[in-house]
Amino acid sequence: MNNHYLSKMKIRLFGFLLLMFCISVTSFGQTQSVRGVISSEGEPVPGALVIVKGTQRGTVTDIDGSFSIQAAAGETLVVSFVGYTTKEVAVVGNQTSYTIELALSTSNLSEVVVVGYGSQIKKEVTGAVVSIGGAELRDMPVSTIAQKLQGRLAGVQINQTTGQPGRGMQVRIRGQLSVSGGSEPLYVVDGFPITGDINAINPDEIEDISVLKDAASTSLYGSRAANGVVLITTKKGKAGQTNVNLNVFSGFQKVPQRGRLEMMNAEEFAQFKKEYYEDAKQPVPSVFQDPSIYRDKTNDWYDALLQTAPISSYNLTLTSNKERVNTSVVVGLFDQKGVVVNTDFKRFSLRLNTEYQLSDKINIGVNVAPNYVYDNTPRTDGTRGTGIIFNALHTWPVMPIRDESGELTLFNRFPAETGNIFAYPNWVRSAQELTNETTRLNLLATTYLEWKPIKGLSLKSTFNVELNNSRFFFSNPSTATSAINQAIPTIAASIRDNNNNMSWLNENIATYRNSIKDHNFEILAGFSNQHFRLDQSRIQADTYPDDRLLTIQSAVNINRGGTFNNVQEWSLTSVFSRFTYNYKGKYLFTASARGDGSSRFGVNNRWGVFPSTSVGWVLSDEEFLKGNEKVSFAKLRASYGITGNNNIGNYTQYALINNTVNVAFNNVVTPGAAVVSLDNPNLGWETTAQFDIGFDLGFLDDRITFNYDYFVKNTTNLLFAVPIPQESGFTNFNDNIGEIKFWGHEFQINAVPTKGAFRWSVNANLSFNRNEVIALADGIDRVYGDFHITQVGKPFAQFYGLKKLGNYANAQDLANSPVIPGRSTVGSIKLEDFNGDGVITFGGDRDDRQIIGNPFPDFSYGITNNFNYKNWDMSIVGSGSQGQDVYMRHLFSTANLDGVFNMVRRAGDRFRSPENPGAGIFGTTVGGGNVTGIERDWPNSNFVWDASFFTIRNITLGYTLTKLPKVIKSARLYASAQNVFVFTNYWGGQNPEVSMQNNGQGDGGNLSPGVDLGPFPVPRTITFGANINF
Amino acid sequence: MKKYSILLLILLMSFTSCDDFLTVVPETQLSSATFFKTENDFIQAVNGAYAPLRAYYNGPAWLLGELHSDNTFYMRNVLFGAVENSENLADFSVPVSNGTTPNTNVLAAWRQLYLIIARANQVLAPIDAVAFNQESKNNVKGQALFLRAFAYFHLVRYFGKVPLHIIPVPGRDGSGLPLSEEAAVFDQIIKDLTEAVPLLPQKAQQLPGRVTQGAARTLLADVFIYRKRWADAEQVLAPAISSGQYALMASYAMVFPKNSTNKNNSESVFEIQYREGADGLQGTFLYQHLPLPLTVAEVRALFNTGNPQPLDGQGNNIPTPDIIAAYETGDLRKDVSIDVITVSGRPGSNKLTPVIKKFRDNHAQHNNHGVNWPVYRYAEVLLLMAEALNEQGKTAAAIPLLNQVRTRAGLAATTASSQANVREAIFKERRVELAFENKRWFDIMRTDRIQEIIVPYGRRIVANPLNYYFPPIPGAVPRNNVFTNLDKFYPYPAAEAEISPFF
């Protein structure tokens, strides 16, 4: 490590500590015991927070709404509670008893918001933070937290890219992207940045979620903060209360007919084949001479894979906060079958949170949350080798799913003269017989010890551990495969993968908080060490004599290339501190910084420093707005800071040797080795500098609140495998290069249009995100993705290909237009000669390709409506995106004009002759692959379609029972529908949010977003449930 | 305050072990900082330099060297598009733009050959500074020098001027170099091989499959002949012939390595080592040189594997009527080299299709065989020597060498006697003796006979597409741009040209 840096760190840390310990405790006036009762609309309010303004003295009300606190005359009590307007009451003379009436709040400005390393009153927050309580999300019948958050939060784009249970959620905060580094936000659970899958956490364990968006709020997470930070706080008991809650729901999921990709039925397909041979002036194979024989005899391979699937969830929560012990226990069981046969997702979870007040000065806390997740998803998503659904979509509908006796066929192959060039396995068999399961055992444990030696000072040490063990098992017997063109029997194969990882974190934090007159400040300083280690072993084996026994030892082959073990490890040492100051609660200032030393960074560049600062001004506290009847709250805020992205791989800095570059000599395997990467001792993090400005407004006693943010951020030093000439023997050099600029606007509005017996509240948000690539590496102005280009001066990852102008209408058109030499014919796809050289070319930097679409929306939005009338409640959540395109990748097969696959119904209306040119979308079939291949093999604008959508995510209707046995405090029954309806013109499949994933785990290829290859469908879910409090 | 001081001390102490904590080296992979220290490291590294030869000979080598000649053609399958990368080579329509081509096979050849060079450079750069057994070091050095020269010899014949890397690249800077003149590349090749010859052991002393002194002499002779340095070729080759290390196999059928036997036999000078199985060392080229589609039964009949799979696509490297006609009557090599099989999925009434036979052998697993690829064998050594002698006017000495090859093939002694006639006889003999061994294109281009041979070949295809395996389907005819690119050199691969500032 760089000693100079280290010594600077030490000096800084020492300085802060010194400051903390040396500041003297301010004196204040003579206090007395003040008591009171808090109520609202005649009911006591238990659990309300009462603090003496500008001090650390605070308490919460008990079950009767009463409290007792030390306060001096002249001081002010601040009473706050979620859902109520915060009230300030002056302590007058010798009055020791107060009755305080709280008004129901329409806004949550007085709420306490969880921020990095602490919490803040929402009013005093200077960063861009959005938060949502777990209670608001409780009824949604989905498996993951991200699904629940879709459309709820401005600036947080969440797409469900596949319907596989428990998977496929892609979360992007403020459109952050990287060329090759990860783009998922950092998830922090109870202060612990986790390394495992956030989807493993039972959503019912969550008390509240805060999303930190700007640099001021995230920079305390330093080199991991650039993608935004999601803080998750798990359940705690409410003061003085013991609650037992049972939340159960059960229902079913189904894929709606509407929105499915429309493929040809058997008769239409036979008609197409007949026309194909007629147009080619070839004899029509006998099986296609009379298409009408297939009428009503369609084998719908896609539909055959689907089922109506049950879903159910049971959660029992116990919380108790009495005496000196605060405990919560959440036991959960979630059980979901998938809408594709043989899909199964189960989660058993337990959480035990305990805080114990050892004395007035010492608290300890232990949260332990083990869970077990089992999931089996057939190989549904992917291309011809692994995507059963994609393969099923383009399997001939004249091929029988079942034979005469009702048994599933083994595989189908028509005689060669019918143009059938592939053997089609029976995909239903594939789904049923393939095993593709993951079992995960996770343990998340966070512990702390807090010591408050003097008033205002807290010294806190935490020790957190995360353990994950996951076992993956894939197998296919000889009777089933996920790959097309495999005759049955195929080669039985298995993959076993065992992952063990462990991450620990120790943090030591000192916080000092005080007020001197109207000057309120907090100083936080700390240091931490985190370490992660993954041990993986994978065994791939094939060629089994017996399908019933797919063990390792019974395999004939152990596949060398797929059998390995792997260790991934990183360490992170950090120092951090924050200074928060406000004057009278209306002039707000925060500065923070974190220094991160990471094992991932090159030896010459081991430490990064990530500072930020922010200011806020509460205008509504100024004389000119105070007491304004209309404007109840107004705040301006601005922030600037620098954050990093350290998702650059663990060993990217090293020149690695591959010691499995083996050779055979004398027909014996002989070990070989080769240097396979170049080292870069200067490698470091990606840097994002972000400026944010925004305001928060409240009108009519905060009955309407409005938030706005504008941000602009520049990401530089992007991790990039800079392509280098391969005459070097290497494909690339890992370096920090380039610059991407992001900017955007975020709007959020909360309003209560009607109050009283019929209460209606609405929450809406709207986000605009833009980006532009400012620079890549020297001499490199573009990077190609699969069907994309990331090019300097243009937005990131645009669809790239040839622009379709139509089809060559006739011989004259063909003669007068640029063509592809040797390939273009009358009726074949006519493309734009973009470079103007007279011929159509594809490949290289100077061909005819151009930007043909944008996978990113113009804007995205969400709207949530809540209605209450007497005992009834209803909520409707919707969200959408406008202006984005999807690349309908599956068309390369589902519109293969050679008739080798089943096709989209629209391909029936194609070019057949100059007199019969069809709808103009699909060209002639005549000429074979030499002609038709252009249309499907050369990425072109025919693949790109608008995928704007608005989805009604959820409608829930609930009824609260009033006449109950005494043991039940309250009970509510509800019905909930998820993914109720999708409004879209996208026709390529039933999910316009689709994006092919590289790994199926949510973080796909950044350079190739928005690709549809027919993934696992997203079902509509209908459930019935009950919330019962005991 | 004492309590706090202790606390402070603890806090600061936590930083002392920071350096160790932050140094995390990869546990399951070695890094270059710790490699190239021992004899074993260098042996493994030179082994690694052989590895790309497998991919090169499974793919680009025959595409650029044999399909791109009058010996083989593709079999058009109208159901398949995206076949232009092989078609362009077979029918001489490789697209060129600013001296570059998007053809992926040209790109693959470039990349695999430079991978060999880079790995050889990794061995050669540090080896002299590391002390270990001199005999072993000489052997490793000799192999690395050979492999580097071998790759450059292929590159310079494909492209002419190429970047000349003789040290490992340090980083992004220096990863691309300007094109070196052909002469400079040949100087380096000759220098490397001249240095390699004395370092390398004879075949009998070398592990079978590794480069030998005989291989280095043969390669160097091939280089000299390409450069028309006939006397140098004779001089370097003579010791290989007299070494007693090599002999012709008794029959032509016995020449070719089998799936697990007959490898590196006494006729073999240098061959690419494949091994059947799940180790990733297998050959797949047998499956590339096939007419398609083939049913399971037809695939089983060819290879007798335990798990035959149907094959589809567009077939490649199908022997042309021209090569079939090139065999003299009674040439035993014809039936060893080519047979005719029934391809039931072939459109039209004629299902009988010629296919390369000489490399074929039964094996266990689909698309995974251990048959080696012969690069240099003693028959070629004799023909190279015959050519070197004949070109120096030593025609009488050349004829017996030629006849050794002919006799083994069941043919009478050559009737040629003049220098010109013997030159032609050797040229023809090379075609049939070395058919499908990726020699034909180099023989045509190095003798400046492209116009003479390829132009009429193209005319025959356009005139009679059915004879060249086009299906009897309306419109399925040679494209209108066939035989338009008859350049001696391939254009540079476009994907590399985009990145390199030098071409």
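1. The domain assignment for chain B lists domain 1 (37–200 + 449–465 + 480–492) and domain 2 (285–356); such bounds come from an automatic or database domain assignment. The model is predicted: local features need pLDDT of at least 70 and side-chain atom pairs count only at pLDDT 80 or more, while totals for chains, interfaces and linings use all residues. Residues are numbered from 1 along each chain as its sequence is written, and chains are lettered from A and ligands numbered from 1 in the order in which they are written.

2. Taken over C-alpha atoms, the centres of domain 1 and domain 2 of chain B are 27 Å apart. Their contact takes 17 residues from domain 1 of chain B and 14 residues from domain 2 of chain B (contact: C-beta atoms, placed from the backbone, within 7 Å).

3. On the domain 1 side of this contact in chain B, helix 4 (52–58) and strand 2 (72–75) are the elements that give two or more residues. Strand 2 of chain B gives the most, with four residues. Helices (H or I, at least four residues) and strands (E, at least two) are DSSP runs, numbered from the N terminus.

4. Between the chains, the contact takes 87 residues from chain A and 84 residues from chain B. On the chain A side, strand 30 (residues 564–583) gives the most, with seven residues.

5. Strand 34 (residues 656–658) of chain A and strand 1 (residues 30–31) of chain B run antiparallel and are joined by two bridges; strands pair if DSSP finds at least two bridges between them. B:Leu30 in strand 1 of chain B is the bridge partner of A:Ile657.

How values were computed. Two residues are in contact if their C-beta atoms, placed from the backbone, lie within 7 Å.
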